Amino acid sequence: MNDNLFRQESGRIAAALIRIFGVHNLDLAQDVTQDAFFRALEVWPSRGVPENPAAWLMLTAKHRALQVLRRERTARNFAPEIGRLLESEWTLAPTVDDMLDPDAIKDDELRVMFSCCDRKIRIDGQVALILNILCGFAVDEIAAAFFDSHSAVEKRLTRAKKVLAGSHRLFDVTYEDEFVQRVSAVQRALYLLFNEGYHGTSTALSVRFELCNEALRLVGILIDHPYGRTPITYALGAVICLHGARLPARLSPSGEFIQLADQDRSLWNSALITKGARWLELAASGDDLSDYHVEAMIAMMHASAARIEDTNWQAIVEHYDLLLVLRPSPVVALNRAIALAQFEGPERGLAELDAIPNKSRLLNYPFYFAALADCNAQLGRLVEATDLLVQASTVARTETERRFFGKRIADLGAPGAGGSAPQVWEAGSELPWTRGS
Amino acid sequence: MSEFLFLYRGRDEAATSEQMENTMRRWAAWMKELSEAGHVITLGHPLQNSGAVVRGQDRLVIDGPFAEAKDVIAGYTLIKAKDLAEANELAKGCPILDVGGTVEVRPVMEMPARA
């Protein structure tokens with residue numbers, strides 16, 4: 001079974017079962033979902049993959065759900081609105097049939113997504129919840145994705161699920177004012193989920209791609225809903241497409257970061273770029289200008305350059321100026337300074353890097369030192385550049401990052417080093433969350 | 001409010017599986033209606049045709065019930081209604097009546113305490 005099918009269908013099935021079992025029986029819904037996939041893994045190797053795998057999985061989940069409902073009906077309460085109907089054999093199967101009907105489950109994933117973005121749940125809990133319930137990520141996979149410990153993620157999920165269980169029912173996406181109130185939290189969670197895939201530090205390559213794929217799939221679900229398809233959602237979708245399209249060139253097969261000038265642009269996903277461009281157009285309707293809009297425009301400018309020499313750095317800097325107003329963060333200022341150095345030169349670059357407000361918050365961010373090192377190297381100050389790269393290496397988050405800076409240091413030691421082509425560090429747009437122990 | 005038991009008889013054995021599916025839907029719809037109107041205490045269950053009959057002082061166990069198909073109890077529901085008249089009205093909605101079956105409506109007997 002391919003990963004996409006697994007992640008997509010486990011989300012769909014889990015969401016539908018949560019509606020039947022009730023949000024307080026979330027674990028049961030997830031168990032039954034998992035049972036369906038276990039059954040597939042048991043049966044498909046010998047019988048062959050069915051013609052319609054998704055339908056097979058849903059049917060298997062339905063049968064398992066009926067078994068569980070029968071076994072548990074004296075012990076548990078299920079979804080309050082249908083509890084009585086699930087108790088009687090007169091109505092059990094017809095009710096489950098109706099509730100798992102394609103039309104009925106259409107909004108279930110969206111309802112779960114919105115429920116996960118409850119303000120009472122911390123943002124990292126929201127993202128973990130979405131990955132666990134809607135994307136079939138196990139605790140270990142979330143830990144690998146966020147470079148976090150198993151126990152920290154487990155604790156985070158348990159806490160988040162407790163809040164979710166206490167909400168008694170799934171978010172109702174039929175009321176526009178409630179929808180509008182919560183949609184920005186959902187957008188933010190999806191953005192952070194995507195960000196971890198694109199800018200994250202996990203060297204598990206497949207996980208990085210999966211995070212980006214899942215972010216794309218989930219924003220697609222939001223766009224499919226009439227209340228969800230707003231200019232800001234389209235802008236978020238455009239960011240995901242236009243960054244995500246370039247991920248194959250950004251990471252080496254071993255998960256190492258390749259900086260912009262060295263990226264093989266033929267590896268970019270042109271279909272995603274086209275989709276991102278279309279969503280960016282749709283985002284331009286109306287009066288909303290969000291930070292997602294600006295980030296998407298910057299990504300579009302990168303994506304439209306056939307070679308790094310064709311990049312319109314001046315326009316990019318102007319957009320960073322705008323982004324700084326909407327999202328004042330030292331990381332955005334860092335990106336802006338790096339872009340400015342591309343066409344104004346390393347002397348200006350150093351001045352801008354020095355002028356970053358709150359730059360002390362960047363002291364744990366290796367790409368800050370890397371940018372300083374690069375400007376110094378271009379000015380021939382190789383000793384300073386090496387020192388700065390050592391500092392970058394000290395605050396590096398992974399062995400892979402350390403190796404990367406080590407190699408840069410070695411390159412500097414080689415003859416003819418220094419005045420090379422400008423290095424572009426496409427720093428993340430958010431400071432990394434402080435990692436738990 | 002009093003409680004009444006509905007006993008259904010006359011399940012249509014000759015139905016095709018498609019007809020049975022339709023019938024199940026109609027039953028579920030009727031029961032959902034009863035439930036939403038606040039009349040249901042226990043929706044109950046459909047019953048399998050065969051089973052056993054335990055009889056007499058000797059506690060004889062025999063296969064059964066071997067009554068005529070139209071007499072075998074097919075299922076039950078416990079409802080509450082104002083009186084027998086209302087209970088009868090509610091019973092008229094039962095889909096089994098359209099296939100020649102019957103609904104027996106029996107009031108629950110309240111047992112007195114010791115004198």
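**Close-up views of a predicted model**

**View 1. Residues of the largest nonpolar core.** Among the 104 members of the largest nonpolar core, those touching the most other members are Ile20(A), Phe21(A), Met113(A), Ile130(A), Leu131(A), Ile133(A) and Leu218(A). Helix H11 (residues 176-198) of chain A contributes the most to this core, with ten residues. A nonpolar core is a set of buried Ala, Val, Leu, Ile, Met, Phe, Trp, Tyr and Cys residues joined through side-chain atoms within 4.5 Å; buried means under 20% relative accessible area with a 1.4 Å probe, protein chains only. This is a predicted model, in which local features need pLDDT of at least 70 and side-chain atom pairs count only at pLDDT 80 or more, whereas totals for chains, interfaces and linings use all residues. Residues are numbered from 1 along each chain as its sequence is written, and side-chain values use heavy atoms, without hydrogens and water.

**View 2. Surroundings of Met113(A).** Neighbours within four places in sequence aside, Met113(A) is in contact (heavy atoms within 4.5 Å) with Ile130(A), Leu134(A), Val186(A), Leu190(A), Leu218(A) and Ile221(A).

**View 3. Helices H12 and H13 of chain A.** Helix H12 (residues 205-224) and helix H13 (residues 231-244) of chain A pack at about 160°, with their axes 10 Å apart. H12(A) is therefore roughly antiparallel to H13(A), a term for angles over 145 degrees. The contact includes Leu216(A) and Val219(A) of H12(A) and Leu236(A) and Ile240(A) of H13(A).

**View 4. Asp118(A) in a loop.** Asp118(A) lies between helix H7 (108-116) and helix H8 (123-134) of chain A. Asp118(A) counts as buried because its relative accessibility is 9%. Not counting residues up to four places away in sequence, Asp118(A) touches Gln126(A), Val163(A) and Arg182(A).

Methods. Chains lettered and ligands numbered in written order. Axes fitted to C-alpha atoms, helices over the stretch in contact; angles between N-to-C directions. Helix = DSSP H or I, 4+ residues; strand = E, 2+ residues; numbered from the N terminus. Parallel < 35°, antiparallel > 145°, perpendicular 65-115°, else oblique. Buried < 20%, exposed > 50% of the residue type's maximum accessible area, 1.4 Å probe, protein only.
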